Amino acid sequence: MMLLGTTIVASNSSCKDDDPAPAPQKNINEIVNTDTSFSLLKQAITKAGLGTALSTGSLTVFAPDNAAFAASGINSAYIDSLPVAAVSNLLTYHVLGSKKVSTDVPVSDSLRTLSTKLLFASRNANG
């Protein structure tokens, strides 16, 4: 599973005119829409109607790539078979309402999700 985060990038007033502007960070929806390793997540986001919600604000998504979906037995047909509410609940369980970097994830603890549930997360030597 991959940790995807998005933030609003503020400009630095001390920048010189000839300094190149930093590349704007992509929001979660833009990352999912442009990275083919997230095609199943994109399908789930589209089915749940969460594209707009994941395009705004400072959020963190514990996002499975296609390999993680496959490892848990989830494929495109399975996503299609689920009710919209089930897909939405599954996705929002994996979204935090604030930006977290990997070092913010506790060694073993819980974090509150957008759906106000506790997400049990852990960090180890592998990330």
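The legends below describe close-up views of a predicted model.

**View A. The cavity of the predicted model.** One cavity of 30 Å³ or more is present in the structure. The space in this largest cavity amounts to about 40 Å³.

**View B. Lining of the largest cavity.** Six residues form the lining, and they divide into six nonpolar, no polar and no charged. The lining residues are Leu41, Ile45, Leu54, Val61, Leu91 and Val95.

**View C. Crossing of helices H2 and H5.** Helix H2 spans residues 39–48 and helix H5 spans residues 84–93. Their axes come within 8 Å and cross at roughly 120°. The crossing of H2 and H5 is left-handed.

**View D. Residues in contact between H2 and H5.** On the H2 side, the contact is made by Leu41, Ala44, Ile45, Lys47 and Ala48. These meet Val84, Val87, Ser88 and Leu91 of H5. The residues of this contact divide into seven nonpolar, one polar and one charged. Leu41 and Ile45 of H2 and Leu91 of H5 take part in the contact, and Leu41, Ile45 and Leu91 are also among the residues that line the largest cavity.

Key:
Residues are numbered from 1 along each chain as its sequence is written. This is a predicted model: local features need pLDDT of at least 70, side-chain atom pairs count only at pLDDT 80 or more; totals for chains, interfaces and linings use all residues. Side-chain values use heavy atoms; hydrogens and water are left out. On a 1 Å grid over the protein atoms alone, a cavity is a set of points where a 1.4 Å probe fits but cannot get out, and a pocket is an open set with protein on both sides within 12 Å along at least five of seven lines; lining residues have an atom within 4 Å of a point. Grid points are joined across faces, edges and corners, and a volume is the space filled by probe spheres set on the points. Ala, Val, Leu, Ile, Met, Phe, Trp, Tyr, Cys and Pro count as nonpolar, Asp, Glu, Lys and Arg as charged, and the others, Gly among them, as polar. Axes are lines fitted to C-alpha atoms, for helices over the stretch in contact, and angles run from 0 to 180 degrees between N-to-C directions. Helices (H or I, at least four residues) and strands (E, at least two) are DSSP runs, numbered from the N terminus. A crossing is left-handed if the near helix is turned anticlockwise from the far one by less than a right angle, and right-handed if clockwise. Contact means heavy atoms within 4.5 Å.
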